[in-house]
Every structure is written in structure tokens, then in C-alpha cells.
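Here are a few notes from my pass over this one. Have the viewer open while you read.

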Amino acid sequence: MTNAPQTVFLADYTPPAYLVDQVALTFRLAPTATRVISKVNFRRNPESNGGDLLLDGEGLKTISCTLDGAKATVTHEAGKMRISADQLPADSFLFEAEVEISPATNTALEGLYMSNSMYCTQCEAEGFRKITWYPDRPDVMAPFTVRIESEEKILLSNGNPVASGDGWAEWSDPWPKPAYLFALVAGNLVNHPDQLETMSGKKVELNIWVRPGDEGKCAFGMGALKQSMTWDEEVYGREYDLDIFNIVAVDDFNMGAMENKGLNIFNSSAVLASPETSTDANFERIEAIIAHEYFHNWTGNRITCRDWFQLCLKEGLTVFRDQQFSADMRSAPVRRIDDVSTLRGRQFREDNGPLAHPVRPESFVEINNFYTATIYEKGAEIIGMLKRLVGDDAYAKALNLYFERHDGEAATIEDWLQVFEDSTGRDLSQFKLWYSQAGTPRLTVSESYSDGTYTLNLRQDTPATPGQADKQPLVIPVAVGLLSPEGKELVPTTILEMTETEQSFDFEGLSARPVPSLLRGFSAPVVLIRETSNSERAFLLAHDTDPFNKWEAGRMLAKDVLSRMATEGAEPAPQYLDAMSDMCADEALDPAFRAHCLRLPGQDDLAQTLYDAGVTPDPMAIHSARESLSDALAAKLEPLLASAYDSMISEGEFSPDAVSAGRRAMRQGALSLLSRIDGGERARALFATADNMTEQLGALGALLQISQGSKELASFYQQWRDDRLVMDKWFMMQVSFAAPEATAATAARLVEHADFDWKNPNRVRSVLGALSMNAAGFHYEDGASYQLLADCLIRLDDLNPQITARLSGAFETWRRYDGNRQGQMRDALQRILAKPDLSRDATEMVTRLLGD
Ligand code: B3K
Ligand code: ZN
């Protein structure tokens, strides 16, 4: 059985026995019978003793297989082909194979597959083995040449175009790369062309390839690409290294996008944009993903990972780089707030549940299950901490050394840290624990003040996680500033470097007891615990000079108020409402920032906080508390909101820039609250006149949230039924805004809708992803959502294991809840596990979710 779970361990890593000098591939494309002819020049790895040649392959129909032209005798074992050492002609030899594959029936969207009659590939992590026999591991790097034979109009692969004729094209990629970066696209495509001159004066041809009809949605993405290329030159000194850079938009894609060398393949949702069809959030996400994939050219492609355990080497660093880019393009404080919110919402949740794993895991069954918030987001936070500890100049120096030393290599976390040790002289052995120790550290703070000296006492502990009972103290950079009781900055931001379990830090010569602003800019991915008062929080919301902590103070205040409302039936606290009123009225604050402050902490954030405090969270009580507090905010802030709604109106042509988007965000925040008072009058008017998706969808959401908008929903459908990406929004909105008791039924109805498509990951996510994110609806006590999700995942698993496994993460918080809900979620998981032939992906996830 090919799916028998086999665990791979980091400790078992051995270098490849054979390296590859050159690969030549020929593709004769046909929907159900594509021929792949490969010529691979192997050479024994001088660092290994040789031995048998082992090649990876999955679902291949092998037509022929030769060694230096002679038929090879092969044996097969668990997804591998073995050619015994005695058949291998010499230290270097040519392996040739011809195989047949069926892209049209490949619904897993891994390997070569078809999307809307177009051929495309996805090879990371281990998809190349579904294309042909090859050492499918990232430490085998080689230059590739590719010949595509097909009647399709446009034929693309990695590298530079070499030659083409009627029904064929040849590409050559001079840069050695692992197989996971291979890509091929063939289809009826049109391009949005442009070009860019690089820092050394080289002209690079740029293209975004789309289906006919989508040409008008490429300009924004192209702009983002050019900005990314220039930014990487200016900030990291990295220049692009081929004559051409192609991006292709694909409708059926398992994730956001893929950084294949010179041929990035994008989920159409992550590249196509227009004011009429995309929201401000879409524009921002597209800009970030284009940058992310482009930045991989150096952090991922030129320097890749030795093995998949090192995934954070490229992903953590590339996320960190795209976050820096977005901060430079937009408002840095608002970007930081968003990044931390994502981290807390996804990574903290993961780190506190059954799926917790180190940023560099030590074992896996299915590597696709490890493209997680921990590896991406916590991986990026580790880089941020490193930069904070060594300083900006030392960081820049270390990065230069990294590029110089490891260009063209498949590297490890040890290599990465060595570069920092060598260039700064710092010992990073304790810091390295961040890579191996899972779990979110708790940083408990107490303080004292006497005779002008203020002392901060810090204690760190990291809770046990699966397989890791005992934790060691980490290096934690704690950025601290002190404010005077009048709200003046007494001590500017200072980094306290914590290395022990308990440590104290003194600040001397103060004239009065200061108010501390701790963990400024969220200087480390930890949970801060400190006894404080809501007056102090309101004070910091009003006076903190650190924008992140200013926002954080408002969030903590809201969380305290909501917790009391959810558990003690408390009333909305006037203190919170007053603080919000002052904040909202402060015209000196960026509208985007104000919009962020107005948003209430999420349902899941509150559930985790209550759980941490030893209270079993009641999703319905949290939901009611959030509703009541929103009503109270609306009532208290009405005049301010009404004037913001009127004054933040955009004039002139729509522009997706950060300032315009910030004004729209504030206006939307106001609209959403005001609808609770005006019965949806403003929202209906806006919906009727909006000429951009941000406002149209915002108005629809404002109506749905007060259980109105059915007429608007119907007209939205009529207007957009032919636009797949907008229809995803139509599906998603209905589930996201469904009332708790109606959520499961809404989702159940939508998966039966004529426009629902089980084979399209975006459409599946728009219903099932939204179902799991509507926390009150997902956890509604009848358990209907749990059952529906289990039914859907059982159905989806045969089509797309990766998406099935990912969506099963909806159950990761099951242990937080009461016995009834726990039992229902456990039953749902067990039912999935019992499905005959459950994929390896889903088996691993569900097993981990259930735990021991
Ligand atoms: N490297 C890809 C992710 C591949 C996921 C494989 N299951 C996209 C990215 O991180 O840029
Ligand atoms: Zn990435």
C-alpha cells in the first residue's frame, strides 16, 4: 500500500549517493496520456560511497528505462525505483526514461495537471516524482533544459526561451535547481507584458499570463512585481538573474502561489486584480504574495534547503522579507498589527494545540502538512528577533555573507546561524532553541518601584507540547519603553535581552513611578502576562508612543471587557467606550490605525484567552458578548462614526494605495457599526451605488451581519455569476455572516449549489474555510457544523488530499471546549479516520489532531 504512513526523520539525513549534472526533459502533452522523456546525467557524489541508484516516482506508467543506452533492470519499493550498483556503468552515466502520465485526471493538483483545459505544474514539495523518475529531493540541484511539444498556443518552462516552432518550444534554465522548482505551463494564454532594467543595466522581459478576458486585471500585479524587483536590489542588493520573468494565473491551485525559477505560478486569486472585482484586502494580499514569490528567487531558489526539515530557512526568511517590503510600501505600524494578528490567530493557535511543532520539525509523514503558520510566521518572527538582537547593520552584513557563502547551495539552519556567528562574533547556541522548541513562551512580568529605581521582574516558561514535555529558557528580546504618569516618554525603547528563566532589570534615576510599555512592536512571539488595570490600558491607548502597543492596549482593554461580559454577564464597560471614543476622535491618528482599533478581538482569540485562564470557553456567550459590545460601541460613537462615514468618502478614481485604503477601512468600520442603528439604510444606499468591490462587499457584509441583505445577495449573484473570483466572495460572505444557528445549514446548501465545484480549492475554501472560521456557527451546540465538515472532508479526500488535510485543522482547538463539543469533534475526526483509503495527508493530520 503506497499510503502506509512512513515517518521521515531529520536525524536520518544522508547526502545523496548520486548528483545530477544536467537534466533534459521532453513533454509530449496530451490530456490523459502525456509522454515525459527524460535524460539525466548522473555523477557519483564524492561525499558518498555510491551504491544503488534510488529514484522517486509515483503513479507513473513506465514505458522504458535505460542506462547509457542499455535497458536497465529495476526493482520497485514504496514509491522508489532501485537500480543496483552493479549495473551502473561508471562514476558518471546517463539515465533515460520514458513515462506516461494523465494530467486531465489529476485532481490532487500536484505534479502535472490541467486547470480549465490548461496544463500546469505544482512540484513543491514532492510533486516532481509524479512527473518522472528522479531523485526528488532539494539537495540534488541541476540545470534543466525542457522541450514542450503541444498544439497549445503558449508553451512555457523555467529559465530563458531557446527556440520554438510550430507545436513546440524549448527552454533552458542555466541555474542549478532542485526538482521542486521545475514548472511547465501550456495553454491558450494572453500576456500583460512589461520590462525592467536591473541595477546592472540588464533588461528583463516581464509577463503576466492569463486566460483571454483577464488581461485587464494584470496591471496592479505587474506594478507590484516591478516594485519588488527594485526593492530587493535596494534593500538586499539582489538582482534578477534571467532574461525573462513569467507569472501565470491558474484557477485551480492548492495555495497562493509558487516560486518556480523564472516561471511563478499563481492562484488567480493571488494575482488578478481590478477595482470592480477586488477589495483593498485583495490588493494588499496580491502585492505581498507577488513580492514573496519574487523574493524566493534568492531566498529559496539560488539558496535552497538541504532537506524539507529546513523549510523555514527559505519560508521564514522570505516571509520576513515580504513583511519588510509591505511595511515599506504601506503603513509600517498597521502592517505590524496585521502580521501579529495573523501570527496570534493562526500560529499561536497551532502552537497551543495538538499540531504544535518546532519551526524546524524533526519528523514528518507528509511534508505538505508542514507548510504551516509555525514554519512561515513564527519562522519570520525568529528572523525579526535575530535582527533586533544583532542590530540592522550586522543583519545586513550577515545577509551579504549568507548570499556570498551559500549561493548555489542547499543549506541548513546551522549554515544560516553560522553566518550570523561569523559576522557578529555572537554565540547563538541558545538562540537556536527557537528552531527546535515548540510552544508559545509565556512571559510573566511583575514590577516594583522605590527610590527612583524601577525594577521589572521577568519570568519565562513554555508549556509542554506533543513530544516535548520539558522546555529550556530561550533568548527573548523584550523591547521596553517607560512613560511618565503624564504620558511623556521617559525611557525610549530599549531591548532587554532575557536568557534565563527569571531575570530582573533596573531602570534608575526616575522621578516617579513610570508606566511600562512592554514588548513594543511585539519584539518576540510570546504571550505577555501581567497584572494591570483597565485605567492603565486606557492610558497607554491614549499615550503610548509605540503604535503597536497603543493598539495592543486597546485590544487588551477590549479583551478584558469582553471576557467579563462573556463569563460574568457584565455590562459593556464605560471605560472602554470612552477610550474608544477618544481614539476615534483623534484626527492625528491614521484612519487605517483607527479602523484597526475599532475592530473587536476575534472569537477565537477570546476563547484561547479564557481557556488559558482556566475557563471553558462558551462560543455562544462570546458571540453574544461581541454582539452586545458592538451595539454599545455603535450607540456611544454614533456621531463620530457618522461624521467619519461622511468625511472619509473617496473622491475621484479608485486607487488601491495604502492611504486611500485606510480611509475606506475607517469608513467601513463606521458603516458596519452604524448599520446596527440605522437598520442598514446607509449600507443599502452604498451597495446600490458602489463602483468598487471594497465598498460593494463592505456594504453587503454590513447588511448580512444584521440579518438583512437577501435582495443585495441576489443582485450580487446576478451581477457577478460569470466571475469565478467574485463568486468565491459570494459563497464566503453567506457562511461568514450566517447566524450561529443557521451556519451549518447555509454551508450545506451552498455545497449543493450549481456553482459549487469540489475540484476548485478556492471554491471549497470559500465555503468550508469560512465555515470553520465562523466560530460561533462552527461550534454551535447541535454539532451540525462538525458533522457537515466531516462529511465534506470525507468526500474531498479522494479528489484533493492536500486541501482535505489543511481543512481538517478546523478541529485543532477541540480540547478547549466542553465535554459535549469535545465528544462531537472527536467523533467527527474518528469518522474521517475511518474512511477507507484515507490519504496519507489526512491520516497524518487527523491522527495528530486526535493525539493519544
Ligand atoms: N513554496 C510555496 C508553497 C508550496 C506548498 C507545497 N504544499 C509557496 C510559497 O511559500 O511561496
Ligand atoms: Zn514561500
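1. Start with the pair of helices: helix 6 passes helix 7 in a right-handed crossing. Keep in mind that this is a predicted model. The two axes, for residues 392–406 and residues 413–424, come within 9 Å and cross at roughly 125°. That angle makes helix 6 oblique to helix 7, because only angles over 145 degrees would count as roughly antiparallel and 65 to 115 as roughly perpendicular.

2. Who makes the contact? On the helix 6 side you'll find Ala-394, Tyr-395, Lys-397, Ala-398, Leu-399, Leu-401, Tyr-402, Arg-405 and His-406. Helix 7 brings in Asp-415, Trp-416, Gln-418, Val-419, Phe-420, Asp-422, Ser-423 and Thr-424. Sorted by class, that contact has nine nonpolar, four polar and four charged residues.

3. Now the metal. The zinc ion (ligand 2) is coordinated by NE2 of His-292, NE2 of His-296 and OE of Glu-315, at 1.9 to 2.0 Å. Water is not among the atoms, so the site may look incomplete. Along the sequence, the donor spacing reads H-x3-H-x18-E.

4. What does the site tie together? His-296 sits in the loop between helix 2 (280–295) and strand 22 (304–305), while Glu-315 belongs to helix 3 (residues 311–329), so this pair links parts that are 19 residues apart in sequence.

Note on methods. Residues numbered from 1 in each chain as written. Chains lettered and ligands numbered in written order. Predicted model: local features only at pLDDT ≥ 70, side-chain atom pairs only at ≥ 80, totals over all residues. Heavy atoms only, no water. Axes fitted to C-alpha atoms, helices over the stretch in contact; angles between N-to-C directions. Helix = DSSP H or I, 4+ residues; strand = E, 2+ residues; numbered from the N terminus. Parallel < 35°, antiparallel > 145°, perpendicular 65-115°, else oblique. Left-handed = near helix turned anticlockwise from the far one by under 90°. Contact = heavy atoms within 4.5 Å. Nonpolar A, V, L, I, M, F, W, Y, C, P; charged D, E, K, R; others polar. Donors = N, O, S within 2.8 Å, 3.2 Å for Na, K, Ca; no water.
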